[in-house]
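Good morning, colleagues. Please look at the sequence and the structure on the screen, and I shall then take you through a few of the features.

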Amino acid sequence: MPKKKWLKRYQNETSNERYQNETSNIQTIERKQSKGNKGNNKRKHPERSTHAGEKRFKCETCPKRFTAPSDLRRHMSTHTDEKPFSCPECTRNFTEKGSLLKHMMIHTGEKPYNCSKCGMNFTQKGNLHKHMRAHTGEKSFSCPECTRNFTDKANLNKHMRIHTGEKPYNCSNCGMNFTQKGSLHKHMRRIHSGEIPHSCSECGMNFADSSSQLRHSRTHTNEKPHACSVCNKAFSLLHNMKRHMKIHDNDRR
């Protein structure tokens with residue numbers, strides 16, 4: 001075979017062999033990567049999206065999206081009012097198992113969250129956080145209509161009804177409406193049921209609610225927790241202190 005033809009054939013064969021070797025190496029790497037990815041996928045939660053933060057599961061009722069179908073199923077119960085988790089001790093039902101477990105602490109008496117300041121125990125972590133504000137004096141929830149501040153959002157929402165005039169709690173006996181559920185319960189006891197479950201330990205007088213019983217007890221203890229900020233005169237009742245403050249308002253004029 002002539003030298004030129006032999007050299008050309010050798011170059012072609014060498015080139016093909018090199019190409020085949022490189023192709024084989026790439027395929028080997030791809031197989032290894034594929035096996036590695038399969039191993040990684042096994043370690044990932046099977047429901048979760050492969051891309052972090054991607055929310056592929058959309059609610060058909062509202063615009064909310066979720067990363068896992070289990071989160072979507074849990075959310076859907078808010079639209080259907082489905083409450084599949086029942087308390088074995090009472091008649092209450094819950095949309096989530098976690099909510100049922102929290103509720104069960106009422107029956108078991110378990111209070112795992114402890115206040116490091118005063119030793120009080122709580123069934124829920126959120127209640128401990130609210131309680132801690134009583135020690136710190138923190139009032140981070142401000143009313144946009146007036147200058148009052150509150151330790152938690154629930155109390156702010158109750159207060160806002162003073163400004164909005166909203167009275168969502170209705171008496172089924174007389175039709176009166178109330179801004180707070182507690183006020184409705186007091187009304188029911190005082191006016192309709194005649195129930196007076198709170199007794200004074202000193203004289204035996206009965207009261208429809210604990211606040212009335214507490215105010216009465218100060219007539220025995222002479223406790224005066226409401227002090228005037230101008231002259232330091234103390235009063236057992238808040239409204240008496242407010243009436244007294246008008247004296248100083250007149251003096252300033």
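For "domain: C2H2-type", the UniProt record, an unreviewed entry, lists residues 57-84, 85-112, 113-140, 141-168, 169-197, 198-225 and 226-253. UniProt positions are given in the numbering used here, feature names are shortened, and annotations may be inferred rather than shown by experiment. This is a predicted model, in which local features need pLDDT of at least 70, side-chain atom pairs count only at pLDDT 80 or more, and totals for chains, interfaces and linings use all residues. Residues are numbered from 1 along each chain as its sequence is written, and side-chain values use heavy atoms, with hydrogens and water left out.

Residues 57-84 are 43% helix and 14% strand, with end C-alpha atoms 22 Å apart. Helices (H or I, at least four residues) and strands (E, at least two) are DSSP runs, numbered from the N terminus.

I turn now to helix H4, residues 125-136. Its buried residues are Leu128, His131 and Arg133, where buried means under 20% relative accessible area, exposed over 50%, and partly exposed in between (1.4 Å probe, protein chains only). Their cover includes strands E5 (113-114), E6 (121-122) and E7 (141-142). After H4 comes glycine 137, with a positive phi near 80°.

Finally, histidine 187 lies in helix H6, residues 181-193. Why does histidine 187 count as buried? Histidine 187 does so because its relative accessibility is 8%. Beyond its neighbours within four places in sequence, histidine 187 contacts (heavy atoms within 4.5 Å) Cys171, Cys174, Met176, Phe178 and His192.
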